[in-house]
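I opened the notebook to look up how one chain meets its two neighbours, and I wanted the areas, the pairs and the elements written down together.

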Amino acid sequence: MTTATANHDDHADHGHHGPAKGIMRWVLTTNHKDIGTMYLWFSFTMLFIGGAMALIVRTELFQPGMQLIEPEFYNQMTTMHGLIMVFGAIMPAFVGLANWMVPLMIGAPDMALPRMNNWSFWILPFAFGMLLFTLFTDAGAPNFGWTFYAPLSTTYAPSSVTYFIFGVHMMGISSIMGAINIIVTILNLRAPGMTLMKMPLFVWTWFITAYLLVAVMPVLAGVVTMMLMDIHFGTSFFDAAGGGDPVLFQHVFWFFGHPEVYIMILPAFGIVSQIIPTFARKPLFGYASMVYATSSIAFLSFIVWAHHMFTVGMPLQAELFFMYATMLIAIPTGVKVFNWVSTMFRGSMTFETPMLFALAFVVLFTIGGFSGLMLAIAPADFQYHDTYFVVAHFHYVLVPGALFGIIAGVYYWLPKWTGNYYSEKLGKFHFWMSFIGVNVTFFPMHFVGLAGMPRRIPDYALQFADFNAIATVGAFIFGLSQLVFLFLLIKTIRGGEKATDKVWEGAEGLEWTIPSPAPYHTFAEPPHVK
Amino acid sequence: MFSRTWQRLSSVVLGSLTVPTVMADRGGLNMTQGVTEISQSIFELHMLIFWICVWIGVAVFGVMFFSIFKHRKSKGAVASKFHESLGLEILWTAIPTVILIAMAVPATSTLIKMYDTTNADVDIKITGHQWKWQYDYLGEDVGFFSNLTTSKDEIYDITEKSENYLLEVDKHLVVPSGQKIRFLITSNDVIHAWWVPEIAVKKDAIPGYINESWAIIPEGEEGIYRGQCAELCGIQHGFMPIVLEVVTMNQYQSWLVDQRAGVEAEAAAALGDFSYDDLMTEGAEVYARSCAACHGSEGQGMGSVFPALAGSSMALNDMAGHIDIVLNGKPGTAMQSFSAQLTDVEIAAVITYERNAWGNDTGETVTPQMIIDAKK
Amino acid sequence: MTSKLPESGTQSGPKPSNTALKLVLAAIAMFGFGFALVPLYDVFCEFAGINGKTAGQVEKVEQWVDTSRTIKVQFITTNNDGMPWEFETLQEEVEIHPGAWTQVAFWAFNPTQNDMVGQAVPSVSPSEAAQYVQKTECFCFDQQKLKAGEGRNMPLIFSLDPDLPDHVRTVTMSYTLFDAGAFAE
């Protein structure tokens, strides 16, 4: 690639040179595999940072009384833990998996917009750098909860709120660009013969998730901009003094917030829908139904937002509507669970690590779904709202739900990425430690929430002590077991038993037709799908 | 027609749906049944949904675990090829729909009851502040603030924690049993939420807006019920509890009379004599309760967020400004006006304390009369 | 690698400049939509009577008085954070017939050493009653300026629309007083 005359097509020489060397490879890459890898490592780092904050919180909550930190800092920890896990760990991890696998699964050479793809990633370290830096300022990090209700987050916010707003804007831009990329890629670059109803479920769920992202991330941008206006430019969107309304904040935020939690789970549904058929050696039961169920969930997710606001003083008719709409979501979700179980039924199952995580997902996410159904019942929610019952619910759907889905996907595709099988013994050990840890941490939270313990408090009444102590022990088990995962990842990248193309006996799909490790460029010629 | 096994099984299943008290109050494992009709309805709804979820879980996970056990390759299972069934999809869409409709009916009727605030006997306005509650009995000329009384020593493990650690206040919200009590809830600053689990009342307190809720605590259920703030409202969100004291109607009427008399007595007392030592002692207590959260237990403040009082020019020099800022607050900051929530004696005491503690040593005494004069 | 991308100059599909033009026009249109939302929201909130916000000022008209029922109307005042004025209602409650025009008054006093501006914000409970509250004169319509040490009575003239639903028997009108110095007109 030395001289370039006006007519010489340099493009053709690219493949023979392989990726660039050194750090600039990563800074300038437009390769979906590189970008996927960067997203995954970024999200894993954020998982540890957010996890450390959780452990600080849980250490303080180990006993009644304030032992470790002040209430002021505690509120910063809970807020940052939420923001980092939602926006820094879960969402980028799914984007990383999408970047790696969607082009491979549809037989495309890369994402449709590779340069925008690079930018989508590189915004994130800057956004989170800015957010994390606020921890070291005098005024401290954001301390108003990851849901940042006004006026606590406007009139009464620390000065770091402005950096928080800019950080959110940047993350939002990253997500929107990423989502556009996914939609354009899936609509335009599928291999000939791959109709929409022949796409793997992971591609379908990400396709739907991308539409959700495009629809609601701008709403988040809107709400933080309104905050910015209120704080710095004398407007009063959320301030009754000027004719505004704090409840408006909640409506706009949750209009984003509810689809956001489906954004965080739909890709996991897709991953599990790939893994179970592979290890049951049986096709996914009810493919079309799964597609319709996912679409129904996505559509319904737009009309249920106020179930986060049942105690805000809504008119009765509105409260009833949101209760009914929320209960409805149980139906397509249930359909998916039944389909997964039917996939297993009369299959021929083996229980490698990805399958273990996927099975744990089905059971534990369903338990999270049950507590969600209980929360949907508006009268009962008056006793659950803002208690640890809610904390238990969303941690069940996000940790043994979304996070186990991600981990399952990583184990499943790791041999394809690295060319090496990981150590099954270590993987299973990681699984069992995580499974035990997650349940010991979050199951007691149901009890302590029902017993009356509110959320977001650094200290609590004596009757809540025992279960809090148990939860803290579980948190450390779970947290430490992720170090096993880190060790396993590094070990596998460096070497191991060589993986075949197909990797898993029951694996189906285009990604298993290319060599392991996947070559830097794949599907230069689109395959023909029957 | 059905085998004995099926009969037994279905009676167990149906029985569990109609016996809500099985898990009742089992040592902090479950929601409280509470003491009102509404709290009881909510508890029953909660148990109904819970058991439905348990049975669905048993059924689904049962099939799943059976499959994990039987349909494994190591046991020689051979995979079938079936992968769709319209009939099944319709069935397992229709059955959950029916179950949900069954849940929605009692939920709707309970919610409608919870919204009916008409014909109340007692109206109480509840205002959330950072970080305490204020109660006003409409039409009764009784109103007061209610602060946490758990000491910092207990919180920081210096002394042993009392039984009602973090759930005790200086002035209880006293209400009569057998009467419909209407709560009108608002906030002075950020969003708070007022929650007492035993009467199943939880409502957000929103600045600039009024929300309402209600409760009837039946006669015979007199007692003390404790709750907490249920919406993140800043640093001391976990430290602003609620203590509801339910008494008989007669006791309530006497209590109202006492409250009014107490206010008059306080106003009269402000005209009496107070020694420097009296004021310092009281001032230290008022400071710990009302000021230390922001200004620090040693007057050291908190960074640039809350100014230090130890060594501050206002505490050392500007007496008039000091009185003014405690009485009227400082607009645009978190410093609120304390004229409504502290008595003249308390304000005089705390300013005296602030001007002499932590090495400030001005030697000045601020008397209640000076506060009364400043208010004119 | 061999590229399968079409050679430039033979592209099918829309010209980039057309797409760019359409996108720019869409952006301008959405910006305009944002401005149009202000009157649209006013119309919608008035129609739906949501947020417990009462409608604006109305003309005082003769209307039918429903003597078959009386409604208890309570008045509550709250001072927002940093608002040290005395702010009281002069009558805690009145019993009125729907349709009857009623006058009540509030007292506001500025005890500080500074001139201040206050804004009272109304809120009605139950929120469904808000759309039936009609006011011809209310101190909440305007900012109230009080000099240091100044106080005054402030009137409220209102009625309840006779269409007020039967099950509503108590209406609570709450006013929260804010320091409007930052928004002073």
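**Conventions.** I am working from a predicted model, in which local features need pLDDT of at least 70 and side-chain atom pairs count only at pLDDT 80 or more, while totals for chains, interfaces and linings use all residues. Residues are numbered from 1 along each chain as its sequence is written, chains are lettered from A and ligands numbered from 1 in the order in which they are written, and side-chain values use heavy atoms, with hydrogens and water left out.

**Chain B with chain A.** I looked up the contact (heavy atoms within 4.5 Å) and found that 89 residues of chain B and 97 residues of chain A take part. For the buried area (the accessible area, with a 1.4 Å probe, that two parts lose on being put together, summed over both), I noted about 7,700 Å², with carbon and sulfur atoms giving 70%. On the chain B side, the most area is lost to chain A by B:Trp92, B:Lys202 and B:Leu232, which together account for 8% of what that side buries.

I then searched for salt bridges (a side-chain nitrogen of Lys or Arg within 4 Å of a carboxyl oxygen of Asp or Glu), and the rule finds one across this interface. B:Lys73 pairs with A:Glu505 in a salt bridge whose closest N and O atoms are 2.9 Å apart.

Turning to the elements (DSSP runs numbered from the N terminus, helices being H or I of at least four residues and strands E of at least two), I found that helix 2 (37-70), helix 3 (86-114), strand 7 (201-205) and strand 9 (223-229) of chain B each supply at least two residues of the side touching chain A. Helix 2 of chain B gives the largest share of that side, 16 residues.

**Chain B with chain C.** Here I found 25 residues of chain B in contact with 30 residues of chain C, and the two chains bury about 2,100 Å² between them, 46% of it on carbon and sulfur atoms. The rule again finds one salt bridge, and B:Asp123 forms a salt bridge with C:Lys72, the closest N and O atoms being 3.9 Å apart.

Strand 1 (122-129), strand 5 (180-187), strand 8 (211-216) and helix 9 (319-328) of chain B each supply at least two residues of the side touching chain C. The largest share of this side, four residues, comes from strand 5 of chain B.
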